[in-house]
Amino acid sequence: MKPTTTFAELAELCQKTNKKIYEIAQEEESSLLECTEQNVRKRVQETLKAMQEAINEGLKSDEKSASKMVGADCAKLKKYYEKNEGLFSQPYQNIIKYALATSEQNARMGKIAACPTAGACGIVPAAMIGIGTYLKVENEILINALLTAGIIGRIISEKTALAGAVGGCQSECGVASAMAAGAVVEILGGNAEQIINAVALALKNILGLVCDPIAGLVEVPCVKRNPFLAIHALTAAELALADIKSFVPADEVVDVLKQIGALMSPTLKESAQAGLATTPSAIKITEELNKTCQK
Ligand code: SF4
């Protein structure tokens with residue numbers, strides 16, 4: 001079975017076969033991995049379990065990363081919500097906590113599921129598990145959502161590498177946000193057109209995001225970028241579910257993502273040579289970290 005390589009193809013296939021996106025994803029994965037569809041679901045379940053464990057571990061910890069730049073913010077947010085009602089409703093509060101919890105776990109070298117990358121690992125789990133837990137959905141629904149997120153990431157990766165070093169952070173956190181948006185639409189019962197539209201909306205509104213990690217570590221701005229982009233995904237999902245359309249279709253937005261990635265200066269693509277990585281605060285901590293390494 002030849003896997004779909006564009007969102008237009010995917011939409012057409014869903015229409016022709018009267019199947020949901022996750023069913024197509026399941027069939028394609030089964031063919032690519034040469035295993036049964038049941039085994040594909042088992043593998044997805046394992047990833048889901050790793051995502052849930054990363055959230056749980058992250059929520060328990062206030063340990064800082066080795067550089068001390070990040071690590072204790074989820075604990076602060078938890079304390080804040082214990083004492084304050086907050087502006088966000090419950091599922092949104094959980095989503096930003098889960099995104100921080102997961103990405104802080106990554107910075108502490110804990111176990112996470114890269115989705116699509118380690119730097120962007122908090123976005124898909126936070127959005128999916130946050131909404132899934134709030135609505136008390138069955139595990140099978142979450143597996144369907146993760147399969148949906150997976151095929152979205154794979155189709156985008158057909159055209160461009162999902163790496164900050166190639167396309168800036170739009171290719172990592174931006175793509176994660178598009179995957180999360182599609183997954184949330186699936187959980188909420190949206191159709192294939194709405195899922196693909198959520199992808200276009202999420203991606204279109206994050207184009208040009210640069211990759212400028214301080215000291216070359218996947219910590220600042222990466223960790224805090226995850227909760228922002230998880231909420232970004234929710235906005236795209238809500239708009240798509242209301243049948244608000246992206247004027248530019250998803251495949252064309254992916255083409256633009258690739259174009260912008262190619263036009264972006266190499267100094268803004270994970271090389272820590274510009275952007276936040278060259279601010280006075282960044283230079284100071286980079287020098288301190290270099291001195292510690294030399295000792
Ligand atoms: S800033 Fe760069 S390293 Fe950090 S998450 Fe984004 S793409 Fe990854």
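Glu-63 is partly exposed, because 13 other C-beta atoms lie within 10 Å; a residue is called buried with 20 or more other C-beta atoms within 10 Å of its own, exposed with 12 or fewer, and partly exposed in between, with C-beta atoms placed from the backbone. This model is a predicted one, in which local features need pLDDT of at least 70 and side-chain atom pairs count only at pLDDT 80 or more, while totals for chains, interfaces and linings use all residues. Residues are numbered from 1 along each chain as its sequence is written. Glu-63 sits in the loop between α3 and α4 (73-83); helices (H or I, at least four residues) and strands (E, at least two) are DSSP runs, numbered from the N terminus. Not counting residues up to four places away in sequence, Glu-63 touches Gly-71 and Arg-108, where contact means that the C-beta atoms of two residues, placed from the backbone, lie within 7 Å. Glu-63 and Arg-108 are 45 residues apart along the chain, and their C-alpha atoms are separated by 7.7 Å.

Helix α3 (residues 37-60) also holds Asn-56, which counts as partly exposed with 14 C-beta neighbours inside 10 Å. Between Asn-56 and Gln-105 there are 9.8 Å in space, C-alpha to C-alpha, and 49 residues in sequence. Gly-110 belongs to the loop between α5 and α6 and is partly exposed, with 16 other C-beta atoms within 10 Å. The C-alpha atoms of Gly-110 and Leu-229 are separated by 21 Å, and the two residues are 119 apart along the chain.

Most residues other than glycine have a negative phi, and most peptide bonds are trans. Met-109, in the loop between α5 and α6, has a positive phi of about 70° although it is not a glycine. Met-109 counts as exposed, because it has 9 C-beta neighbours inside 10 Å. Lys-136, found in the loop between α6 and α7, likewise has a positive phi, near 50°; with 6 C-beta neighbours inside 10 Å, Lys-136 counts as exposed. A cis peptide bond runs from Cys-115 to Pro-116, with omega near 0°, and Pro-116 is found in the loop between α5 (90-107) and α6 (123-134). Val-220 and Pro-221 are also joined by a cis peptide bond, with omega about 15°; Pro-221 lies in the loop between α10 (192-204) and α11 (222-241).

Two packed helices are described by the angle between their axes and the distance between the axes. For helix α7 (residues 139-159) and helix α9 (residues 173-187), the angle is about 145° and the axes are 8 Å apart. Here axes are lines fitted to C-alpha atoms, for helices over the stretch in contact, and angles run from 0 to 180 degrees between N-to-C directions. The residues that meet include Ile-141, Ala-145, Ile-152 and Ile-156 in α7 and Val-175, Met-179, Ala-183 and Ile-187 in α9. By class, this contact of α7 with α9 has 12 nonpolar, 4 polar and 1 charged residues; Ala, Val, Leu, Ile, Met, Phe, Trp, Tyr, Cys and Pro count as nonpolar, Asp, Glu, Lys and Arg as charged, and the others, Gly among them, as polar.

Helix α10 is largely enclosed by the rest of the structure, because 11 of its 13 residues are buried. Among the buried residues are Gln-194, Asn-197, Val-199 and Leu-203, and what covers the buried residues of α10 includes α1 (7-17), α2 (21-33), α7, α9, α11 and α12 (250-263).

Ser-171 lies in the loop between α8 (164-167) and α9 and counts as buried, with 31 C-beta neighbours inside 10 Å. Leaving aside neighbours within four places in sequence, Ser-171 is in contact with residues including Thr-160, Gly-164, Leu-257 and Gly-261. Ser-171 and Val-223 are 52 residues apart in sequence and 16 Å apart in space, C-alpha to C-alpha.

Finally, the ligand has 13 residues around it, of which Gly-119, Gly-164, Cys-169, Cys-211 and Cys-222 come nearest; a residue is near a molecule or strand if its C-beta atom, placed from the backbone, lies within 6 Å of it. This shell divides into 8 nonpolar, 2 polar and 3 charged residues.
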